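Morning, everyone. I have one structure to walk through today. Please take a look at it before I start.

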Amino acid sequence: MYSVYLIRCKDGSIYTGIATDVRRRFAEHKEGKGGRYTRSHGVKKILYAERCGSRSTALKKEARLKSLRRDKKLEFIHSKRTK
């Protein structure tokens, strides 16, 4: 089962990724074992995570989220939290 997730980085930017275990992946990012982006920007906290089922579905959702501007990502997160 894959999930898509958004992480707030130490510089305020938002990183989007997919994983089978979001907490484990976040720990890897914190240890500097994640992607190049999170190694250079640091990670602060998980803002959002959503189970997607298949890898294909997670990749499609990740691509849609990555295409959003930062303010739209924050709106998306807020809208999911208020439901």
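This is a predicted model: local features need pLDDT of at least 70, side-chain atom pairs count only at pLDDT 80 or more; totals for chains, interfaces and linings use all residues.

Which elements do the buried residues of H4 pack against?

Start with the whole chain. There are 4 helices and 3 strands. In sequence order, the pattern runs β-β-α-α-β-α-α. The radius of gyration is 12 Å, and the globule rule gives 12 Å for 83 residues, so the chain is as compact as a globular protein of that length. Along the principal axes, the C-alpha trace spans about 30 × 30 × 20 Å.

What share of the 83 residues counts as buried? The figure is 39%. The accessible surface comes to about 5,300 Å². Carbon and sulfur atoms own 48% of that surface. Now the contacts. Take those between residues at least 6 apart in sequence. Of these, 59% join residues at least 24 apart.

Back to H4. This helix covers residues 70-81.

Which residues of H4 are buried? They are Lys73, Phe76 and Ile77. Note that a lysine is on that list. Looking down the axis of H4, the buried residues fall within an arc of 95 degrees, so they line one face of the helix. And here is the answer to my opening question. Those buried residues pack against E1, E2, strand E3 (43-53) and helix H3 (55-66).

Where does it lie? Ser13 is in the loop between strand E1 (2-9) and strand E2 (14-19). Is Ser13 buried or exposed? Its relative accessibility is 14%, and the cut-off for buried is under 20%, so Ser13 counts as buried.

What do the side chains do there? Ser13 has a polar contact of 2.6 Å with the side chain of Asp11. Another polar contact, of 2.8 Å, joins the side chains of Ser13 and Tyr37. Leave out residues up to four places away in sequence, and Ser13 touches Ile7, Arg8, Tyr37, His41 and Arg70. Over to you.

Conventions
Residues are numbered from 1 along each chain as its sequence is written. Side-chain values use heavy atoms; hydrogens and water are left out. Helices (H or I, at least four residues) and strands (E, at least two) are DSSP runs, numbered from the N terminus. Buried means under 20% relative accessible area, exposed over 50%, partly exposed in between (1.4 Å probe, protein chains only). A polar contact is a pair of N or O atoms within 3.5 Å; within protein, one must be able to donate a hydrogen and the other to accept it, and residues adjacent in sequence count only if both atoms are side-chain atoms. Contact means heavy atoms within 4.5 Å. The expected span of a helix is 1.5 Å times one less than its number of residues. The arc is that of the directions from the helix axis to the C-beta atoms. The radius of gyration is taken over C-alpha atoms; the globule rule is 2.2 Å times the number of residues to the power 0.38. Accessible areas come from the Shrake-Rupley method with a 1.4 Å probe; for residues, only the protein chains shown count as cover.
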